[in-house]
Amino acid sequence: MTCHTMAERLIQASWQRRAKAMTAAAGLAGQAAVPLLLCALLAPSGAYVLDDSEGLGREFDGIGAVSGGGATSRLLVNYPEPYRSEILDYLFKPNFGASLHILKVEIGGDGQTTDGTEPSHMHYALDENYFRGYEWWLMKEAKKRNPNITLIGLPWSFPGWLGKGFNWPYVNLQLTAYYIVTWIVGSKHYHDLDIDYIGIWNERAFDINYIKVLRRMLNHQGLQHVKIIASDNLWEPISASMLLDPELLKVIDVIGAHYPGTLTVKDARLTKKKLWSSEDFSTVNGDMGAGCWGRILNQNYVNGYMTSTIAWNLVASYYQQLPYGRCGLMTAQEPWSGHYVVEAPIWVSAHTTQFTQPGWYYLKTVGHLERGGSYVALTDGLGNLTVIVETMSYKHSKCIRPLLPYFNVSHQFATFDLKGSFSQIQELQVWYTKLGKPSERFLFKQLDSLWLLDSGGSFTLELQEDELFTLTTLTSGRKGSFPPPPKSQRFPSVYEDNFNIDYPFFSEAPNFADQTGVFEYYVNMEDPGDHRFTLRQVLNQRPITWAADAFNTISVIGDYSWSNLTIKCDVYIETPEKGGVFIAGRVNKGGILIRSARGIFFWIFANGTYRVTGDLAGWIIYSLGHADVTAKKWYTLTLTLNGRFSSGKLNGKTLWKNISVNFPENGWAAIGTHSFEFAQFDNFRVEASH
């Protein structure tokens, strides 16, 4: 295109975006000067054709997010209304916020899976309960808002009984397949949820025979519609295995890779299967995270032919000091105040999700911009077109992994030519995001629409770095909003829970975040007295782990900055001779690091002893001695931490005092057991002075 015709087209297209000096100067200058002036302004520029006349690219499968892996939505369930519903609207409501197409959830397996444990529907071999945890509730809330949302289930850990003494889920393939199928059947039977895809074992080994057994069992149960995704790890060795095994190739519907860095491998493409980035993002949700998300949503397809990208995680609803704090699309970690933050990745998602749907197709004409950045285009095959352009800079779009090779993005003009069936499009809606300095920042702002009547189906964008444009024929886009939520507040400094709840809606008590083991509301049928309703640790064997679960069970709660506090709790050891329980303060680690947690731990044991340790594992012993304790009896423990000194009471009488503790200086409160054993807790109370 000559400079002269480009200038003419620009003027004709009357590009109204941000009254730039360019249009002002063009309007004022004499006619002869216009093309020359614009030419000077327009260099450098690139021209890009958007065309469907040679056919279409791959089918688009949607953008989504993961709840779980693990316990990432833990605090969300305890939000008061209307804030909980508002958060869910920002995530799932079509044409409102992130408008997600896919929700992927952890199939709870009782083990620590990053930020906590999620309960299994089968803690023990003959046990089935489809009302534990919160993933079914979350899937129902998502479906309520978007009946077409795609649902995926994936296990991280498995209950211990499946391993028959081994830390391995493939000891009995039929049994593990049965366990997974019951979860799918239970989702339908108890919650009317149709699971669309099922995974194998998150980021761990796959077993070829297990995948085949699972497919046969799904079919036998009439679940032919449930598709298999594998292996939620790297592209290899699953892709090569599929090419070498025709039956395996047949039973796997989607190859899902994690953190692919926008790249795929030859074997994966040779399978001719759908390729997904089935877990990605994992980055703190500020502007860097938003830039990462904006870049990979485009480039996972441009570079890697991936037709779905799924973020870990959906919403950062877990204590921020746990691993990967605030790595959700938005933040909702204060149910006690109702405060939440609609972070930039929500609006970056909207640039794609609000203007596409699974079942649309990418055009073949997608690619990189000459001066950095990328563009994709999708169509519904009915005349609609959506173009998404991103210019995320290297500096502002690094994801947590993998390492990002250096690239350059600079100021440029990009001219797009609509060809084929799109040449008749007369108007495009324009949505715009600019990340960076607050003074220049825009999130999902609708600009004046682009008129293409006289431009021969051509338009030009001026692009700076860290921008996102969506140009679309759809007029349904909307930046949803609610009145601001309550202001952020600290966790209450006086907190108590007596667990007296007849029919709990959720199986876990509010704000307790299980880090090893599972703590559930429990009704003591034989205790008509003060301890009829308790919180019980319900695992009696170690799960098939995904991470390094502790050898003790533990649930943390409260404000990580707590230093001086008194924790009081009634405890009940169920295991004679060997059993033991603890309460603790200043617990400084959780999630996948739970084994190395330090703090001040006050233990009592059924063999009539007590201990005070400086760590969960019990290596650092501050004090030990005799205590009048036995199993099957209630005791009240009190732990007081004040500056460098600590003291403990048993049933109101001082058992030990003035023990010097220098480290850590602060952390959560906690309860737990000596091993994977049944034990109960009641009348939990914390009084903290920070």
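This is a predicted model: local features need pLDDT of at least 70, side-chain atom pairs count only at pLDDT 80 or more; totals for chains, interfaces and linings use all residues.
The lining of the largest pocket comprises 16 nonpolar, 5 polar and 5 charged residues by class. The largest pocket has a volume of about 510 Å³, while the largest cavity has a volume of about 100 Å³.

**Largest pocket**

- A total of 26 residues line the largest pocket, and F131, P504, F505, F506 and S507 are those nearest its centre.
- Two or more lining residues come from each of helix 5 (135-145), strand 25 (519-523) and strand 26 (533-537).
- Strand 25 supplies the largest share of this lining, with 4 residues.

**Cavities**

- The structure contains 4 cavities of 30 Å³ or more.
- The largest cavity, of about 100 Å³, is lined by 13 residues, with G108, P119, R132, E135 and W136 lying nearest its centre.
- Strand 4 (102-107) and helix 5 are the elements that contribute two or more residues to the lining of the largest cavity.
- By class, that lining holds 5 nonpolar, 4 polar and 4 charged residues.

**Helix 6 and helix 7**

- Helix 6 (residues 173-191) packs with helix 7 (residues 208-220) at an angle of about 45 degrees, and their axes are 9 Å apart.
- Because of this angle, helix 6 is oblique to helix 7.
- Helix 6 and helix 7 form a right-handed crossing.
- On the helix 6 side, the contact involves L173, Q174, T176, A177, Y178, I180, V181 and I184; on the helix 7 side, it involves N209, Y210, V213, L214, M217 and L218.
- The contact of helix 6 with helix 7 consists of 11 nonpolar and 3 polar residues, with no charged residues.

**Helix 11 and helix 12**

- The axes of helix 11 (residues 287-302) and helix 12 (residues 344-353) come within 8 Å and cross at roughly 15 degrees.
- Angles under 35 degrees count as roughly parallel, so helix 11 is roughly parallel to helix 12.
- The crossing of this pair, helix 11 and helix 12, is right-handed.
- Helix 11 contributes D287, G289, A290, W293, G294 and L297 to the contact, and helix 12 contributes A344, P345, V348, S349 and T352.
- By class, the contact of helix 11 with helix 12 includes 6 nonpolar, 4 polar and 1 charged residues.

Notes. Residues are numbered from 1 along each chain as its sequence is written. Side-chain values use heavy atoms; hydrogens and water are left out. Axes are lines fitted to C-alpha atoms, for helices over the stretch in contact, and angles run from 0 to 180 degrees between N-to-C directions. Angles under 35 degrees count as roughly parallel, over 145 as roughly antiparallel, 65 to 115 as roughly perpendicular and the rest as oblique. A crossing is left-handed if the near helix is turned anticlockwise from the far one by less than a right angle, and right-handed if clockwise. Contact means heavy atoms within 4.5 Å. Ala, Val, Leu, Ile, Met, Phe, Trp, Tyr, Cys and Pro count as nonpolar, Asp, Glu, Lys and Arg as charged, and the others, Gly among them, as polar. On a 1 Å grid over the protein atoms alone, a cavity is a set of points where a 1.4 Å probe fits but cannot get out, and a pocket is an open set with protein on both sides within 12 Å along at least five of seven lines; lining residues have an atom within 4 Å of a point. Grid points are joined across faces, edges and corners, and a volume is the space filled by probe spheres set on the points.
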